[in-house]
Amino acid sequence: MKKKLLSIVLCIAMVSTMLIGCGSTATEEAPAEDAAEVVEEAPAEETTETADAEPVEINMFIASPEYADAINQLIAEYQTQFPNVTINYETTQNDYPTLLKAKLNAGECPDIFSSTSGKEIQTYLEYSYNIGSEPISESMSDAVKATMMSGEEVHGFAIKGNYFGVVYNKGIFEELGIEYPQTMSDLEAACEKISAAGYTPFTTGFAEWWVYKHVFQHFLDAAAGEGDVSELVSAFINGEAKMKDYPELYDDFFRFIDLTVKYGDAKPLETDLAAEEAALASGKVAMVCGQGAWIEADVLKINPDLKIGFDGYPVNDNADVCKVISGSDQALRVSKDSKVLTATLDFVNWWYTSDYGKAWFKDTAGVIPPVKEAAAPDFEIIKQGDAHVAAEGAGALAVTYSTDSFHQAFGETMQSYVAGTIDKDETCAQIEQKWVELEGAAQ
Amino acid sequence: MKLGKQKKMALETFLYTLPALLLVALVIYIPFVLSGFYSFTKWNGIAKEPELIGFGNFVKLFSGDKDFVQSLLFTGKYTLFFMIIANVLALELAVILTKKIKTANLLRGFFFIPYIMSMTIVGFIWKFIFSQGFAKLYEMSQLEVLNLSWLGNPDLAFYSIVFVGVWQSVGFYIVLYIAGLQAVPQDVQEAAIVDGANGVQKFFRVILPLLAPSITTCIFMSLTNSLKVFDIILALTKGGPGASTYSVTLNIYREAFQNNNYGYGAAKSLVFFLIILVLTQLVLRGFKSREVEL
């Protein structure tokens with residue numbers, strides 16, 4: 001009898017603790033909303049000075065895990081200068097968008113979060129704060145800022161600028177006595193020579209869906225010619241443009257892909273980023289598809305003696321359109337509804353304007369600074385990229401005009417093409433259809 | 001305050017199951033009902049207010065979604081291959097492992113180990129074996145079969161996935177079959193031998209019919225598990241190459257979380273739920289009716 005009584009009591013205890021547990025989170029939400037309102041009034045009175053103030057906590061949940069160490073150092077430095085600020089930094093290796101959505105729907109928008117730049121700036125617009133009138137916006141370089149705009153408003157900033165183009169092994173080209181090809185026919189000739197000499201001309205990375213978008217944007221830039229690439233992409237999204245009308249897309253792009261498959265890895269659809277890096281570092285491969293500034297450090301770690309070259313994609317027989325692309329494809333955003341908006345803005349302004357913050361990009365993170373007048377780190381790709389931009393200008397970062405939903409479908413369609421399951425016309429038809437289907441709906 | 005004994009029992013049962021029930025409701029039933037609601041909305045998973053559009057999502061789905069049909073076909077093909085191979089293989093191995101082999105216990109352990117590993121890890125291990133491992137083995141042995149692009153060729157990728165799926169879970173079905181085999185009474189088997197049945201006859205005429213309950217369980221489990229296949233594909237091929245290995249679950253996941261069509265994804269998942277429900281009930285009925293009692 002006693003035992004039964006005990007068990008019933010236990011049972012009730014368990015249930016009630018659960019209910020209490022649920023209940024308390026429910027009640028916590030209410031004051032939180034109040035607090036948000038209170039703070040929104042606060043910025044008017046104390047705009048810059050939050051030091052000496054009460055302790056504040058900034059929640060930062062961003063992608064780009066490769067810079068976790070550098071960002072931790074940045075935060076540590078900030079916290080020694082402003083001891084009242086605690087920054088909870090969180091990052092994730094993959095599936096960032098899904099995790100972010102879970103947080104947003106749970107009503108816990110991080111104070112600093114990330115998205116891709118360009119089109120996705122719109123997708124998260126109702127959560128992000130317009131930093132256009134903040135010092136950070138003044139300091140941001142123009143190429144980066146261009147991808148963060150929503151109309152006149154600035155809705156993001158970047159951890160780094162970036163360079164996209166062909167990374168190549170200068171040693172092989174020098175040994176064979178050929179220049180890096182600027183036109184498609186030169187490229188074909190170069191491939192023949194390289195493979196005759198026993199090297200593999202290309203490593204493709206075609207197992208990764210995002211490699212295709214990096215290659216494709218150079219051809220899109222060329223197709224747009226003097227016009228605006230964003231308008232060309234919008235025309236595709238509205239179903240008004242056809243691949244066939246643009247020889248740069250219909251002929252040259254596929255000519256390039258065919259060439260990379262012919263002169264590329266033995267198993268192109270199993271080659272991923274790591275395999276590409278290993279192939280380049282091995283010194284047996286001449287050119288790398290679909291990559292950019294981010295692979296240099298990793299490749300040099302495997303083979304420090306490699307002589308790296310960097311240039312644009314040969315598109316057709318016009319050497320002028322062979323350009324590198326610069327800009328930033330990732331955006332960090334400040335939450336509009338942040339409870340600690342002032343403290344968050346202070347932090348990001350400090351990041352972009354203080355001496356430590358400006359030097360951080362080169363010294364700690366080793367990336368192309370997304371700010372004006374900051375020294376660039378000592379990497380070949382960045383130096384050569386800078387030189388190319390100075391000499392021939394940079395292409396527009398066309399990848400940002402479509403979202404990754406489209407790019408993933410685009411990559412998969414291209415994989416089918418590489419695998420030989422669909423032909424060129426079917427591939428073009430599917431790409432046109434996906435553009436309308438996936439991007440038309442997102443608007 | 002005197003409760004009747006039955007009432008008290010009922011109350012006790014209710015109270016005991018309540019904590020579990022609440023948790024299950026919280027993570028399964030409530031989200032299920034909510035996704036039912038979302039399937040009637042146009043929502044990208046980000047906007048603060050989903051927009052109600054009635055049956056729009058279902059109309060779109062039934063008026064022909066090529067990718068969804070494609071993934072249904074893939075899942076069907078996978079289910080068929082997985083069920084047959086996993087069950088036949090597990091039954092064979094179970095029969096061998098119930099024989100008096102010295103290392104039987106050890107072997108049972110070996111077969112079971114992959115099952116305790118998480119699917120994602122198994123996927124990554126095999127991805128490594130298929131790419132780097134096979135390349136090295138090919139260098140050493142020059143066997144052409146190792147030089148095939150097992151994950152890069154749309155047709156081969158399917159068999160790679162089936163193989164890894166079976167490899168991972170066959171241990172589980174072996175355990176179920178071993179339990180069933182051990183429950184087959186010795187006297188019936190001896191009687192069959194006395195009646196002059198040879199080994200094959202004994203197996204197909206006596207043991208197999210008596211094993212029917214185990215078979216039903218295993219078929220049911222393998223059916224539901226293979227219909228819901230997800231993580232192994234995500235780890236091995238991510239649906240590639242060229243969208244050739246999309247299962248329905250992966251298709252739904254991508255629709256909802258990557259294409260930002262949360263409402264449409266929810267509608268797809270409801271339809272898929274109904275498909276699973278009907279299919280499993282049919283198969284279960286079919287196999288139950290064939291079971292024999294001693």
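This is a predicted model: local features need pLDDT of at least 70, side-chain atom pairs count only at pLDDT 80 or more; totals for chains, interfaces and linings use all residues.
Me: How many C-beta neighbours does B:Lys238 have inside 10 Å?

Reply: Residues are numbered from 1 along each chain as its sequence is written, chains are lettered from A, and ligands are numbered from 1, in the order in which they are written. A residue is buried if 20 or more other C-beta atoms, placed from the backbone, lie within 10 Å of its own, exposed if 12 or fewer, and partly exposed in between. B:Lys238 counts as partly exposed because its number of C-beta neighbours inside 10 Å is 18.

Me: Which loop holds B:Lys238?

Reply: B:Lys238 is not a glycine, yet its phi is positive, at about 55 degrees. Helices here are DSSP runs (H or I, at least four residues), as are strands (E, at least two), numbered from the N terminus. In chain B, B:Lys238 is found in the loop between α11 (231-236) and α12 (248-258).

Me: Where is A:Ser64 placed in chain A?

Reply: A:Ser64 also has a positive phi, about 60 degrees, although it is not a glycine. It counts as partly exposed because it has 19 C-beta neighbours inside 10 Å. Its place in chain A is the loop between β1 (56-62) and α2 (68-81).

Me: How far apart are the C-alpha atoms of A:Gly225 and A:Val321?

Reply: A:Gly225 sits in the loop of chain A between α9 and α10 (229-237). Since it has 12 C-beta neighbours inside 10 Å, A:Gly225 counts as exposed. A:Val321 is 96 residues away along the chain, and the two C-alpha atoms are separated by 8.5 Å.

Me: Which residues does A:Ile58 contact, beyond its neighbours within four places in sequence?

Reply: Two residues are in contact if their C-beta atoms, placed from the backbone, lie within 7 Å. Leaving aside those neighbours, the contacts of A:Ile58 are A:Val85, A:Ile87, A:Asn88, A:Asp111, A:Ile112, A:Val340, A:Ala343, A:Thr344 and A:Phe347.

Me: How far apart are the C-alpha centres of domain 1 and domain 2 of chain A?

Reply: The bounds come from an automatic or database domain assignment. For chain A this gives domain 1 (43-159 + 329-365) and domain 2 (162-327 + 380-442). Their C-alpha centres lie apart by 31 Å.

Me: Which helix gives the largest share of the side of domain 1 of chain A that touches domain 2 of chain A?

Reply: Between these domains, 11 residues of domain 1 of chain A are in contact with 11 residues of domain 2 of chain A. On the domain 1 side, α4 (120-123) and α6 (142-146) of chain A each supply at least two residues. The largest share, three residues, comes from α6(A).

Me: Which helix gives the most to the side of chain A that touches chain B?

Reply: The contact between the chains takes 29 residues from chain A and 24 residues from chain B. On the chain A side, α1 (2-41), α3 (96-105), α17 (404-419) and α18 (424-442) each supply at least two residues. The one that gives the most, with seven residues, is α17(A).

Me: What radius of gyration does chain B have?

Reply: Chain B has 13 helices and two strands. Its radius of gyration (over C-alpha atoms) is well over the 19 Å that the globule rule (2.2 Å times the number of residues to the power 0.38) gives for 294 residues, so chain B is more spread out than a compact globule, at 24 Å.

Me: What share of the residues of chain A count as buried?

Reply: Chain A has 18 helices and 11 strands. Of its 443 residues, the share that count as buried is 49%.

Me: What is the mean pLDDT of chain B?

Reply: The model as a whole scores ipTM 0.74 and pTM 0.77. In chain B, 98% of residues reach 70 or more, and the mean pLDDT is 89.

Methods
pLDDT is the predictor's confidence in each residue, from 0 to 100.
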